[in-house]
Amino acid sequence: MGAVMIWNAIEVAEEARENCSSEIHSSHITVDSSLSLPQMIPLIIELCKDLFKKWSNLDDSRFSVETISGGITNLLLKVSVQEENGNNTCMTVRLYGPNTEYVINRERELQAIGYLSAAGFGAKLLGVFGNGMVQSFINARTLTPLDMKMPKLAAEIAKQLRKFHQVEIPGSKEPQLWTDMFKFFDKASTLKFDDIEKQKKYKEISFEEVRNEIVELKELTDLLNSPVVFAHNDLLSGNLMLNDDEGKLYFIDFEYGSYNYRGYDIGNHFNEYAGYDCDYSLYPTKDEQYHFFRHYLAPEKTNEVSDKDLEALYFEANTFMLASHLYWALWALIQAKMSPIDFDYLGYYFLRYEEYTKQKEKCLSLARPYLSASRIE
C-alpha cells in the first residue's frame, strides 16, 4: 500500500481547537515520507507556507529543513524559518509512517494532546496536515536506554509519570489494553506475505497458542485491580527528552496514549530499558524498580513508602510487563505487512514473544502467591 490520507485535517484541527487555548492551523497537503530529504524539502516548505499564511510570501531560502530522527513509525524533521522581522522560528514536523492508522488512533491522539500540553507535557500543537502534525520545537536531546537506568533520571521519569497519570482527558475512561490487543490479534492472525521467506516464517506462529496466552494473562491481570489512568503506553527512551542545561525532562509522542492500566504503563516502560536491540539483561533489577516506585508513589516522601505498597506495585508492573511483550509482538506482525520502513518487524515479533515465554513462569510464580495472600487479607 502507498501513502493514504489518514484523516480529514480540517475536521481534526477543528476538534483540536476545542481542546487547546491556541489556534491550530490545518492543511490538506500530504508529504510522501519515503522521499529523500532533498526531494522532500520543497514540499515541506510548501506545507509550512500553506499552514502559516504569514510565511506565504517568504522566499524559500529563508526555510531550512533537517532530519531529527527516523524511527520505526514516524519521520521527524526540524524546520527553521528566518522571518522578515529577523526572528528565527523552529518547529518540528512529524510525518506519519504509511499505514500506521492500522495500529494508531490518530483522532484519540489529537484529542489528548491539548489537555496534556495544558498540563505541561510534550510540545505545543501548532498545526495538522494530511499525514502528520507540526509542533513547537523542543530544545533537548533524546534519551538512550542506558540513560533511563541512571538513578537521578529514573526518579525524575517516575515523578513525571505520576503527574502524567493524573491528567484528566474527557471521554471514555475504559482501559484500552485488551480491546487493542484483540484488535491487533485479529489483524495479525490473518496476514499473507508476498515474500516467500516471510510467509514461511509467519506460518511458524501458532495463533491458537497466542490467543490462549492473551486470554490467560487478561484473566490474571484482572485480579490485580490496577488503577486505570491516562497512560502514555510507549514510554521508550526515544519518547523522553532532556535539556541538560535546564535539567528539564520532556515526555513526547502521545500517539499510543489512552486510558489504560497503571501497571501496564510502568511495566512497558521497564521493558524499554532493553532498547530496540531487545537486550533484556538491561531490564531493571528489583532494587532499581523499588527506587522508581518510591518516586512514583510518594515523590516528596520517598522514605515513607511502605514495603507492602512497593511489593504490590512490583507484582502489578511485572505481571503487566508480560502484556507489553504480547502487545508489541502483535503490533510488529502488522507492521511487518504494512510498513515500508526498513526494519525487521517479523524478527522483532519473535524476539518479543520469546521473551514473553521466557519471563512468563517466573512472573506468574511471583504473582500467584501474592494474589492468594491478597485474597486472604
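Predicted model: local features only at pLDDT ≥ 70, side-chain atom pairs only at ≥ 80, totals over all residues.
**Entry 1: α6 against α11.** I looked up how α6 (residues 177-188) and α11 (residues 307-338) pack. Their axes come within 9 Å and cross at roughly 35°. The crossing is left-handed. I then listed the residues that meet. From α6 I noted L177, W178, D180, M181, F184, F185, K187 and A188. On the α11 side they meet F320, A323, L326, Y327, L330, W331, L333 and I334. I sorted this contact by class: 14 nonpolar residues, two charged and no polar.

**Entry 2: the cores.** I asked which residues have the most contacts inside the largest nonpolar core. They are F251 and F293, in a core of 91 residues. Helix α11 gives the largest share of this core, with 20 residues. Beyond its neighbours within four places in sequence, F293 touches I266, F270, L310, L313, Y314 and A317. Another core lies apart from the largest one. I count 23 residues for that other core, including V65, L75, L77 and L126.

**Entry 3: α10.** I checked the length of α10 (residues 286-297). It has twelve residues, so at 1.5 Å a residue it should span 16 Å. The end C-alpha atoms are 16 Å apart, which agrees. Next I asked which residues of α10 are buried. They are Q289, Y290, F292, F293, H295 and Y296. I also looked at what covers these buried residues. The cover includes α5 (151-164), α9 (262-271) and α11.

Methods:
Residues numbered from 1 in each chain as written. Heavy atoms only, no water. Axes fitted to C-alpha atoms, helices over the stretch in contact; angles between N-to-C directions. Helix = DSSP H or I, 4+ residues; strand = E, 2+ residues; numbered from the N terminus. Left-handed = near helix turned anticlockwise from the far one by under 90°. Contact = heavy atoms within 4.5 Å. Nonpolar A, V, L, I, M, F, W, Y, C, P; charged D, E, K, R; others polar. Core = buried A, V, L, I, M, F, W, Y, C linked by side-chain atoms within 4.5 Å. Buried < 20%, exposed > 50% of the residue type's maximum accessible area, 1.4 Å probe, protein only. Expected span 1.5 Å × (residues − 1).
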